[in-house]
Amino acid sequence: MADVIEVGAARGDAPPPAGRPRRRGVTERGHRATPYLFLAPYLVLFLVFGLAPILFGVWISLHQWDLQLPNRPFIGLENYRDLFSSDSADYADWWSSVRATAIFTVLSVPLLVVVPLGLALLLNEKFPGRTFFRAAFFAPYVLGVAVIGLLWRFLLDANLGMVNRLLGAVGLPADTPWVTDVPWAWVSLVGVTVWWTCGFNAVIYLAGLQDIPAELYEAARVDGASAWDRFRHVTLPGLRPVLIFVLTTTILASANVFGQSFLITQGAPGEQTRTVVWRIVDEGLRNYDVGQASAMSVLFALLLAVVSIVNFRLFRYRED
Amino acid sequence: MTNVRRAVRYTALVLITAVFVTPLVWMTLTSLKTYDDAQQDPPSWLPDPFSTYGYDQIVNNTANPVLRWFVNSMLAASLHTLLVLVTASMAGYALARLRFRGRKLSFALIVGTLFLPPTSLIIPNFIIADRLGWLDTLTVVVVPGAASAFGVFFLRQFFLSIPAELEEAAVLDGANHWQVFTRVLLPLSKPALATLAVLSFLANWNDFLWPVYVLFSPERLTLPAGLGLLQGAYVTDYPVIMAGAVLASLPVLILFVLAQRHIIQGVSRSGLKG
């Protein structure tokens, strides 16, 4: 992919080859405004709903901004300070949501990195029915969080749910409070998320596996490498860029968790499974304190940006 | 030996498939039960009798107009997909093929937003949508999401992978940029356009957080946003709730079966370019 980008860049930017008359190529024909006309429809969308909100969000966070009040005085970093001073009204709820998000991310990411890799390895050979199994593993992912949330709220219901009834049928405790008490609520949220999205990561891994040249495996086999050696010394290094991608996107996705806890545990017990994103929209769009909510958003975005950068850095260095 | 291996592999695959698919089968079967049947302990797999109770409730419910939500979602996802295809392909063409001042900067800005969690823009976007008078309208679930950089980036990369010779030949024949774009490049890009269309439709159809907070009137909701209300109204009346969930799943599952190749390819490619 990278060399394709460079070819394109060269086509766009390089001066016309010397010694030849200025060629009327695709890139040079037409009115000066033409490129901007092609770009304009998307650019309007991008400026209004992609770029402006970034700056606007920072601006809001510097004000005492209540959606229902006409006055929005500038208060500098006070909204940020509130999030760090234990005597402010928002302190406890904010850090409880950070804790919830951290627990969910730490529990779900390793599973979502490892389990799909196993699935992809199972599928990484040609055999009859392969496409069918790949589709079956992926199927839950095409459903929205609203559907899988309602479905699992039902399946995990302590009294009527299928999960407890199945456990009871094989003689295990049948009264586990899957959605109303910790640690069960965490097991549920993480389990459902793994069930829902691991097909997505498996498909990405599978594409990565198919990019590893078969000759490398052949050579390893000739050298007498065991299956485990081949996995460690051929598969894993070959997958490194894909692993970074999966790890980073999975951390971001897990940190942004909302629908699962909104629908399945509904924050229970108490507000222990209320996540950061939920906290932000609740503060801004239910309590109307968008100034405070924007400060939370900015902190959250910065934290995630740092996580992504650290990820790429760590893995790039190891590669060298 | 190889036979044993094959047997082990297929057993594992079938068991894993059961884990992924059984909940969906259970959802469908429950939607076809009566209220009493769904409360039975121990539960039966097959509905006895098969009943349209859940679906009847949905069709006849005026407080929770589920069919209306279905139509809203269908309209929103279709219009959104169309908007993404038109704007992203035009912008992708400009960024891949045309030379202009500010090209590098605009591309860098667009790609830069790919690294930002979309949830962090919700508060400012809510206020912007409010000032535009779009809250509680169809527009608010169609338009803002189309600002995502994914489509532009995805199509630009695809356009760059197509050799420019055909387009240059068309130019020599006197075609202008618009003709080159619509008659040469777009027809060559059908697979990528189909992939982007399917992914955009899925994303919009399934979107939950944004519609829950920007739509208020019961008759304006999209299906995912409405399903939460349905749960609130029916609590443990699972056939009705599951009927709603089935209704929200059917279009995307059908789309998945029909366009599986496009979806899988789109997802695979998104990983490789990372």
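## Chain A

From the N terminus on, the elements of chain A follow the order α-α-α-α-α-α-α-α-α-α-α-α-α. That gives chain A 13 helices and zero strands. The model described here is a predicted one.

Chain A has 320 residues, of which 38% count as buried. Among its contacts between residues at least 6 apart in sequence, 65% join residues at least 24 apart.

## Chain B

Chain B has 15 helices and zero strands. Buried residues account for 48% of its 274 residues. Where contacts in chain B have a separation of 6 or more, 75% of them come from residues 24 or more positions apart.

The C-alpha trace of chain B spans about 75 × 65 × 35 Å along its principal axes. The radius of gyration of chain B is 23 Å, while a compact globule of 274 residues would have one near 19 Å.

## Where the two chains touch

On the side of chain A, 78 residues are in contact with 88 residues of chain B. Helix α2 (residues 34–61) of chain A supplies 19 residues, the largest share of the side of chain A that touches chain B. Sorted by class, that side of chain A has 58 nonpolar, 16 polar and four charged residues.

## Helix α13 of chain B

The 12 residues of α13(B) should span 16 Å at 1.5 Å a residue, and the end C-alpha atoms of α13(B) are 16 Å apart, so the two values agree. Just after α13(B) comes Val235(B), which takes a positive phi of about 45°.

Several residues of α13(B) are buried: Leu223(B), Pro224(B), Ala225(B), Gly226(B), Leu227(B), Leu230(B), Gln231(B) and Tyr234(B). The cover over the buried residues of α13(B) includes a helix from the other chain, α6 (145–155) of chain A. From chain B, the cover includes α4 (66–97), α11 (190–206), α12 (209–214) and α14 (238–258).

## Packing of α4 and α13 in chain B

Two packed helices are described by the angle between their axes and the distance between the axes. For α4(B) and α13(B), the angle is about 160° and the axes are 8 Å apart. Angles over 145 degrees count as roughly antiparallel, and α4(B) and α13(B) are therefore roughly antiparallel to each other.

On the α4(B) side, Val66(B), Trp69(B), Phe70(B) and Ser73(B) take part in the meeting of the two helices. Their counterparts in α13(B) are Leu223(B), Gly226(B) and Leu230(B). By class, this contact of α4(B) with α13(B) has five nonpolar, two polar and no charged residues.

## A residue in the helix: Gly226(B)

Gly226(B) lies in helix α13 (residues 223–234) of chain B. A residue counts as buried if 20 or more other C-beta atoms lie within 10 Å of its own. Gly226(B) has 27 other C-beta atoms within 10 Å and is therefore buried.

Leaving aside residues up to four places away in sequence, Gly226(B) touches Asn64(B), Val66(B), Trp69(B) and Leu221(B). Val66(B) and Trp69(B) are also among the α4(B) residues that meet α13(B). Gly226(B) and Pro118(B) are 108 residues apart in sequence, and their C-alpha atoms are 22 Å apart in space.

Note on methods:
Residues numbered from 1 in each chain as written. Chains lettered and ligands numbered in written order. Predicted model: local features only at pLDDT ≥ 70, side-chain atom pairs only at ≥ 80, totals over all residues. Contact = placed C-beta atoms within 7 Å. Helix = DSSP H or I, 4+ residues; strand = E, 2+ residues; numbered from the N terminus. Nonpolar A, V, L, I, M, F, W, Y, C, P; charged D, E, K, R; others polar. Buried ≥ 20, exposed ≤ 12 C-beta atoms within 10 Å, placed from the backbone. Expected span 1.5 Å × (residues − 1). Rg over C-alpha atoms; globule rule 2.2 N^0.38 Å. Axes fitted to C-alpha atoms, helices over the stretch in contact; angles between N-to-C directions. Parallel < 35°, antiparallel > 145°, perpendicular 65-115°, else oblique.
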